[in-house]
Amino acid sequence: MSKGPNLTDATARARLYSSLSDVIGVENAGTLMSYLPGDEPATKADISLLREELSGRMDGLEQRMDRFDLRMDRFEDKLDGFHLALLTQSRTYLISMVGSILTTAGLVIAITRLT
């Protein structure tokens, strides 16, 4: 089984950078190439270390997402309370307006009958 070109070779790295630039753009290719080892390929220990680091970051992200979910739940509870308060206020306003209109209409009828 062939291992392919030696990526530590400057020419192979230049070809890789050129191909990456065509696919993902010059800036992204430069960023990615800066993370590649210069002298030797990554070892299993490097990958293990990376896995541990990413796992720790994922745990932190999960904790932050849990806190965010709790905040959203509290916000939804407050929003439900707001909807109820708005509904109650709207009903009160409607009843008050109907009462005012009926009172005004009654006064107008009473005044027209007196004259």
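1. Arg57 counts as exposed, at 56% relative accessibility. In this predicted model, the side chain of Arg57 meets that of Glu53 in a salt bridge, with a distance of 3.0 Å from N to O. Glu53, at 41% relative accessibility, counts as partly exposed. The two partners both belong to helix H3 and stand 4 residues apart, about one turn of the helix. The structure holds 1 salt bridge, and the pair Arg57 and Glu53 forms such a contact.

2. The secondary structure of the chain deserves a remark. The protein chain has 3 helices and 0 strands, and its pattern along the sequence reads α-α-α. The radius of gyration is 36 Å, well over the 13 Å given by the globule rule for 115 residues, so the protein chain is more spread out than a compact globule. Helix H3 covers residues 44-114.

3. Along the principal axes, the C-alpha trace spans about 110 × 30 × 25 Å. Of the 115 residues in the protein chain, 4% are buried, a class that requires under 20% relative accessible area. The chain exposes about 10,400 Å², and 62% of this area is supplied by carbon and sulfur atoms.

4. One of its members, Phe68, is located in helix H3. Phe68 counts as partly exposed because its relative accessibility is 46%, which falls between the limits of 20% and 50%.

5. Positive charge also gathers on the surface. The patch in question consists of Arg64, Arg67, Arg71, Arg74 and Lys78. Arg64 has its place in helix H3, residues 44-114. With a relative accessible area of 56%, Arg64 is exposed, since the class begins over 50%.

6. A patch of negative charge should be noted as well. Its members are Asp59, Glu62, Asp66, Asp69, Asp73, Glu76, Asp77 and Asp80, which gather on the surface. Asp59 is found in helix H3 and counts as partly exposed, at 39% relative accessibility.

7. The charges may finally be considered over the chain as a whole.

Notes
Residues are numbered from 1 along each chain as its sequence is written. This is a predicted model: local features need pLDDT of at least 70, side-chain atom pairs count only at pLDDT 80 or more; totals for chains, interfaces and linings use all residues. Side-chain values use heavy atoms; hydrogens and water are left out. Patches are made of residues with over 30% relative accessible area and no salt bridge: like charges are joined within 9 Å, nonpolar side chains (Val, Leu, Ile, Met, Phe, Trp, Tyr) within 5 Å. Accessible areas come from the Shrake-Rupley method with a 1.4 Å probe; for residues, only the protein chains shown count as cover. A salt bridge is a side-chain nitrogen of Lys or Arg within 4 Å of a carboxyl oxygen of Asp or Glu. Lys and Arg count as positive and Asp and Glu as negative; His and the chain ends are not counted. The place of a charge is taken as NZ of Lys, CZ of Arg, CG of Asp or CD of Glu. Helices (H or I, at least four residues) and strands (E, at least two) are DSSP runs, numbered from the N terminus. Buried means under 20% relative accessible area, exposed over 50%, partly exposed in between (1.4 Å probe, protein chains only). The radius of gyration is taken over C-alpha atoms; the globule rule is 2.2 Å times the number of residues to the power 0.38.
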